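Colleague: I would like to learn how to read charged pairs in a model. Can we go through some together?

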Amino acid sequence: MKRVKIGDVLEVRTSKGLALAQYTHKNRLLGPLIRVLPGFHPARPASLGTLVAGPTQFFIFFPVPQAVNQKMVEVIGNEPVPLADQPFPLFRDSVPSGPQTVAWWLWDGERSWRVGDLTPEQYKIQLRRQVNDIALVQMIEQGFTPEQAR
């Protein structure tokens with residue numbers, strides 16, 4: 001089994017080209033967390049450092065070790081996690097609270113608290129989800145961003 005480590009850059013094959021993600025954190029409750037980088041590439045980029053230093057499209061919990069060992073994704077390098085992405089991100093999650101309503105919660109990796117309705121700014125907070133390789137590829141191909149999930 002190949003060992004993965006924080007900072008590993010992952011190549012994700014999609015129907016639109018190669019996408020990149022970076023393994024940034026391991027949470028004791030939900031496991032490995034990756035940041036998906038925006039854009040598609042026709043071939044493996046030569047300079048990973050510049051791309052990794054750029055913006056994050058979204059964060060998602062993804063079983064990195066299993067996906068690497070099953071060749072669903074490939075580790076193509078290791079780069080420092082950008083300073084802005086080193087702190088564990090804040091996530092939001094919802095729970096149905098009635099036939100047409102949901103209750104929103106925020107989670108910092110350790111604790112969660114109810115916030116009720118979200119403000120427009122809070123819709124930019126990452127969505128707390130775990131996905132498999134199929135769902136990850138779909139999210140990337142569809143250009144998923146946290147603001148889309150309401």
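Modeller: Start with the term: a salt bridge is a side-chain nitrogen of Lys or Arg within 4 Å of a carboxyl oxygen of Asp or Glu. Asp 93 forms one with Arg 128, with closest N and O atoms 3.1 Å apart. Asp 93 lies in strand E6 and Arg 128 in the loop between strand E9 (126–127) and helix H3 (133–141), so the pair ties together parts 35 residues apart in sequence. Helices (H or I, at least four residues) and strands (E, at least two) are DSSP runs, numbered from the N terminus.

Colleague: What kind of model is this?

Modeller: This is a predicted model: local features need pLDDT of at least 70, side-chain atom pairs count only at pLDDT 80 or more, and totals for chains, interfaces and linings use all residues. Residues are numbered from 1 along each chain as its sequence is written, and side-chain values use heavy atoms, without hydrogens and water.

Colleague: Is Asp 93 buried or exposed?

Modeller: Buried means under 20% relative accessible area, exposed over 50%, partly exposed in between (1.4 Å probe, protein chains only). Asp 93 has 16%, so it counts as buried. Arg 128, at 26%, is partly exposed.

Colleague: How many salt bridges does the structure hold?

Modeller: It holds 10. In one of them, Glu 11 pairs with Arg 44 at 2.9 Å between the closest N and O atoms. Glu 11 is buried at 3% relative accessibility, while Arg 44 is partly exposed at 42%.

Colleague: Which residues are linked in a network with Glu 11 and Arg 44?

Modeller: Arg 13 and Glu 74 are linked with them in a network of salt bridges.
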